[in-house]
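Hi there,

Here is the structure I promised to pass on to you. Please open it and keep it beside this email while you read.

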Amino acid sequence: MKRDYLIIIVLLLTFFCCKSNKINTENAVSEEPQTDDYAILRETNNISPRIVEDLSGKVILLTEKDFIEHITAIDNPKGFQYLGQTPCVVEIYADWCTPCFYQSQLLNKLAPEYQGKVIFYKLNIDKAYGVRSVFKVENIPVLLFFKPRGNVVTSVGYLNQEKMTQIIEDLLLNS
């Protein structure tokens, strides 16, 4: 009787050990070199990984998570530090906001003109409560102007093309 129990225990242990080995080999990291999208940036800039920027000349829709990962952390004690290498404009908008609609139309028009020089983003404030709170957004549209190694500049309300172009030229490109 004891022998039967011993055989059952050995068989169960063997089964579980083999099962555990199979799981470990499935989850093991392969020895082959992995492609690293950020390796070139680290080598050339000697900095931590940064985002690969979209210089296509289109307005890019962000989620709050994208904003935090690609634009700036919202909980950094050192303040808002732009993570990108190309100046950008972020429009904080809402789908129901008429001035936001017109601001978005202007951004869609300007984005191709500044292709490769300035990146244009949009962030829906109704889906970004953390950003709304940190940037104290009470009125929309809000435009955030970021440039590498610079402070964020905020503009509240609709900006016409002349004002927008002037801010982009003076603040983001000429300095």
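**What surrounds Phe67**

Leaving aside its neighbours within four places in sequence, Phe67 is in contact with Leu62, Thr72, Ile74, Val90, Leu123, Val131, Phe135, Leu144 and Phe146. Please keep in mind that this is a predicted model.

Phe67 also belongs to the largest nonpolar core, which has 24 residues. Along with Ile71, Val90, Ile92, Ile140 and Phe146, Phe67 is among the residues with the most contacts inside that core. Where does the core draw its residues from? At least two residues each come from strand 1 (59-62), helix 3 (64-71), strand 2 (88-93), strand 3 (119-124) and strand 4 (142-146). Strand 2 gives the most, with four residues.

There is a second, separate core too, made of 14 residues, and Val89, Phe120, Phe145 and Ile168 are included in it.

Phe101, Tyr102 and Tyr158 make a nonpolar surface patch of about 350 Å². Tyr102 sits in helix 4 (residues 98-113). Is Tyr102 buried, partly exposed or exposed? Its relative accessibility is 47%, so Tyr102 counts as partly exposed, since that class runs between 20% and 50%.

**The cysteines**

How many disulfides does the structure hold? The number is zero. Cys88 has a relative accessible area of 0%, so this residue is buried. Cys97 counts as buried too, because its relative accessibility is 6%, and buried means under 20%.

Enjoy exploring it, and write back with any questions!

Best wishes

Note on methods: Residues numbered from 1 in each chain as written. Predicted model: local features only at pLDDT ≥ 70, side-chain atom pairs only at ≥ 80, totals over all residues. Heavy atoms only, no water. Core = buried A, V, L, I, M, F, W, Y, C linked by side-chain atoms within 4.5 Å. Buried < 20%, exposed > 50% of the residue type's maximum accessible area, 1.4 Å probe, protein only. Contact = heavy atoms within 4.5 Å. Patch = residues over 30% accessible without salt bridge, like charges linked within 9 Å, V, L, I, M, F, W, Y side chains within 5 Å. Areas by Shrake-Rupley, 256 points an atom, 1.4 Å probe, with all protein chains shown as cover. Salt bridge = Lys/Arg side-chain N within 4 Å of Asp/Glu carboxyl O. Disulfide = S-S within 2.5 Å.
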